Amino acid sequence: MPEKSYSDRFTRRGLLSAAGLAGAGIALPRRGVAAESTKPDPAITEVQDWQRQLGEGVDKRAYGSPSKFEQHVVRRNVPWLTAAPESAANFTPLHALEGIITPSGLCFERHHSGIAEIDPQKHRLMINGLVDKSLVFTMDDIRRMPRSSRICFLECAANTGMEWRGAQLNGCQFTHGMIHNVMYTGVPLKALLDEAGLRPNAKWLMLEGGDAAGMNRSLPIEKALTDVMLAFAMNGEALRPEQGYPLRAVIPGWEGNLWVKWLRRIEVGDKPWAAREESARYTDLLADGRARQYTFIMDAKSVVTNPSPQAPLRYRGRNVLSGFAWSGRGTVRRVDVSLDGGRNWKSAQLEAPVLDKSMTRFYLDFEWNGEELLVQSRAMDSSGYVQPTKNELRKIRGVNSVYHNNGIQTWLVRGNGEAENVELG
Amino acid sequence: MSNWARRLATLVVAGLLAHGAAAAEKPSKMGLGREALPAEVAAWDTDVKPDGQGLPPGRGTVKQGEEIYLARCASCHGEFAQGAGRWPALAGGQGSLKADRPNKTVGSFWPQLAPLFDYTRRTMPWGNARSLSADETYAVVAFLLNLNDIVKDDFELSDKNLTSIRMPNADGFFADDRETAEKKFWNRNPCMKNCGGVPKITSRAGEANITPDAKSVPKVD
């Protein structure tokens, strides 16, 4: 294994730092307990309460929740990032997820004026502008249209946006957690536009939310007619209020801000609206003082979720490295993993299903003997795009871009198994 | 056939062909939804386009705007629109876009004025959205322009003159060019072995020390 020689050079330092931390009361990672057991395991020899007593009956949990032992698996906020929780974001606990579907209650939230609680009986969708006939739809109308389901990721354009100037937040939940991957059910936007009848000069749409932010974004007509969906369900049930109940836009592969929640109106026009969220915000300021505008597509990106700062290595010997990769330009074709800071790479195993514009799960089994690791992953997509390093991105974009930071993430794993968000030069 | 008759015939045939093509492409209707009434469209179609389409009739002066701003906006955006806490600054920052810490405000960054009017009317004041009248919105926007040295103290903004205001950063934006400017990222054969020199750690999140405490989990009700 090419990593070996690199690792060997770090072994002594790794062990030394681990020993120092062990003195400070942090347990050294060991081989699995089973391998070292000398006396019987009370988890086996003692009768547990749950083996003796009746548990709760049906109907105690009419809508089930995770085990009480999983209460740490929650969305988390970084309070200093924003002015108030109603105009803020929280983060998906990527390090605690398995497979590719994000449970609805763990999907990160981003609101501009808090969560609108909309009575679906009072919700209307209006289509007007450059159409033959302005139309109004009820939710019942929409549920009578041909529907389909699709799994795709929603990534906030500002995901990893805090990291442009160097390593800032310690955990993939905070560095990469403004993303979720959900099976949406809804109707093609094209069906509604056809119903209204597009005029020949229809080139852009404006999507508008029914919340107090009235969030509005412009969408090119080509995309709208290709794969945009108006979804009323996620992961098999109605949308959660914080995800736009009763109706939201699903715009596969494109930045999350476009996926207008609580969608109430679509206006058809001939030019983009240059709305606040596509001029003063969600534009990418470059080093020369000019800004890229209408940067819709989310480029290929990946992150190792285990190990990571919130998911340290706990055992020497056999370990499973795991993570997510995704691309707004198509499918993930390959993910390479490095344990030595990008000098040597091995291709990870991609777990089926590998879907277009969906998060993809990857694994790499590896042996770890307490040496320091610099863990990275690098995604390649079906367009041939290769996830760049953060320094390669900065060379082109500078450090004031805020949005679209898809650079390669590095975790330093120390001899005691703890991981830290670091950057390499 | 005379010349004009031939031309007419060509036009008729072309017209028929075009009509035929359009008819062939015409999507079938589901018969769902109903026509929106003019009053309904008027109630919701309140957006303003960059060219000023959709601006409501009205006017407001810098002086009127100052009063409204101090009463209804300054608690978040600061008395001089310099921002407060994490709330955005609305004035200042001109010439800072290339600086280490750019200050992106109405004066330094917004490329067009009509979207600012639209945004203010759409969602401000925060927490009491859509509570400003058209005249009040013109006045507040006029005051913001004045704070950014774009208009004089005696200026009155209205639906008639709004689109004549040129914003300082009007030329500061260009369409997404990643596929050309970042072409080198489409590299089908990235290095796999002995790539680059020995990596050196240049920054650490531990030193930044701004991550919320991992031990304290928010209360789950």
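Which residue of S4(B) does A:Ala291 stand opposite? In this predicted model, the residue that faces A:Ala291 is B:Phe173 in S4(B). The strands concerned are S14(A) and strand S4 (residues 173-175) of chain B, which run parallel and are joined by three bridges.

This pairing belongs to a contact between the two chains to which chain A contributes 77 residues and chain B contributes 68 residues. On the side of chain A that touches chain B, at least two residues each are supplied by strands S3 (124-129), S4 (135-138), S12 (263-269), S14 (291-293), S21 (373-381) and S23 (419-424) of chain A, together with helix H7 (189-196) of chain A. The largest share of that side, five residues, is provided by S23(A). When the side of chain A that touches chain B is sorted by class, 34 residues are nonpolar, 27 are polar and 16 are charged.

Within chain A, the domain assignment gives domain 1 (96-292) and domain 2 (301-422), and the centres of these domains, taken over C-alpha atoms, are separated by 27 Å. Their contact takes 29 residues from domain 1 of chain A and 27 residues from domain 2 of chain A. Strand S5 (148-155), helix H6 (172-176) and strand S13 (284-285) of chain A each give two or more residues to the domain 1 side, with H6(A) giving the most, four residues. This side of domain 1 has 16 nonpolar, 10 polar and three charged residues.

As to confidence, chain A averages a pLDDT of 92, and 92% of the residues score at least 70. Over residues 1-26 of chain A, however, pLDDT stays under 50, and the model has 30 contacts beyond four places in sequence for this stretch.

Methods. Residues are numbered from 1 along each chain as its sequence is written. Chains are lettered from A and ligands numbered from 1 in the order in which they are written. This is a predicted model: local features need pLDDT of at least 70, side-chain atom pairs count only at pLDDT 80 or more; totals for chains, interfaces and linings use all residues. pLDDT is the predictor's confidence in each residue, from 0 to 100. Two residues are in contact if their C-beta atoms, placed from the backbone, lie within 7 Å. Domain bounds come from an automatic or database domain assignment. Ala, Val, Leu, Ile, Met, Phe, Trp, Tyr, Cys and Pro count as nonpolar, Asp, Glu, Lys and Arg as charged, and the others, Gly among them, as polar. Two strands pair if DSSP finds at least two bridges between them.
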